[in-house]
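Have the sequence and the 3D view ready.

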Amino acid sequence: MSTMLLVKGDTRTQIKTTITRAYDGSAVDLTGTTSVVMRFRKTYTKAILFTITATEAASGDFAKGEAIFTFASDNLNIDAGDYEGEIELTYSSDGATETVFEVISFIVRDEFA
């Protein structure tokens, strides 16, 4: 997965993800989940800075594994640097959780002004 590039202080940032199975590339059907969340932290630390709950993509849907993570207006009021995100699914049928193995890398840079 590529590194996502973000700007400190931005207030309307979104990322779109497609969650797939590593063994065959098929999309994970997210319609059977009660939540799809991304935990966000500074790289090489353990403290979670915030958690974002995904919404269904307007151009696709959960059945295709597509989810949108929208950062809250104050989420990117953080120091410039390297960060990472971990996605976890919670299934409605039994409350079981599944964590996506691959971590999303982020670089946050300072704004010009």
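Q: Why is T17 called buried?
A: Buried means under 20% relative accessible area, exposed means over 50%, and partly exposed is in between (1.4 Å probe, protein chains only). T17 has a relative accessible area of 7%, so T17 counts as buried. Bear in mind that this is a predicted model, where local features need pLDDT of at least 70 and side-chain atom pairs count only at pLDDT 80 or more, while totals for chains, interfaces and linings use all residues. Residues are numbered from 1 along each chain as its sequence is written, and side-chain values use heavy atoms, with hydrogens and water left out.

Q: Which residues is T17 in contact with, leaving aside its neighbours within four places in sequence?
A: Contact means heavy atoms within 4.5 Å. By that rule T17 is in contact with G65, E66, A67, F69, I87 and I104.

Q: What makes β2 and β6 a pair?
A: Strands (E, at least two residues) and helices (H or I, at least four) are DSSP runs, numbered from the N terminus. Two strands pair if DSSP finds at least two bridges between them. There are 5 bridges joining β2 to β6, and these strands run antiparallel. T17 sits in β2 (residues 14–18), and its bridge partner in β6 is A67.

Q: What makes β2 and β5 edge strands?
A: The open sheet has 3 strands in the order β2-β6-β5, with antiparallel pairing. Both β2 and β5 (55–56) pair on one side only, and that makes them the edges.

Q: How do you know which strands β7 pairs with?
A: Count the bridges. β3 is joined to β7 by 9 bridges, running antiparallel, and S35 stands opposite T90 there. Another 5 bridges join β7 to β9, again antiparallel, with E84 opposite S105. β7 and β8 (residues 97–99) pair in the antiparallel sense over 3 bridges, and here T90 stands opposite T97. Each of these counts meets the rule of at least two bridges.

Q: Where does a positive phi turn up in the hairpin of β7 and β8?
A: At G95, with a phi near 75 degrees; this hairpin has 5 residues between the strands. The hairpin of β3 and β4 also has 5 residues between its strands, and Y44 in its turn has a positive phi of about 70 degrees.

Q: What makes the structure's aromatic pairs count as pairs, and how many are there?
A: Rings of Phe, Tyr and Trp (its six-membered ring) pair if their centres lie within 6.5 Å; planes under 30 degrees apart count as stacked, over 60 as edge-to-face and the rest as tilted. The structure holds 6 such pairs. One of them is F40 and Y83, at 5.4 Å centre to centre with 15 degrees between the planes, and that puts this pair in the stacked class. F40 is in β3 and Y83 in β7, 43 residues apart, and both are buried. F71 and F106 have centres 6.2 Å apart and planes at 80 degrees, which is edge-to-face.

Q: How do you know that the charged end of K42 sits over the ring of Y83?
A: The rule asks for NZ of Lys or CZ of Arg within 6 Å of the ring centre and within 35 degrees of the ring normal. K42's charged end is 4.7 Å from the centre of the Y83 ring and is listed as sitting over it.

Q: Why does the radius of gyration of the protein chain agree with a compact globule?
A: The radius is taken over C-alpha atoms, and the globule rule is 2.2 Å times the number of residues to the power 0.38. For 113 residues a compact globule would come out near 13 Å, and the chain has 14 Å, so the two agree.
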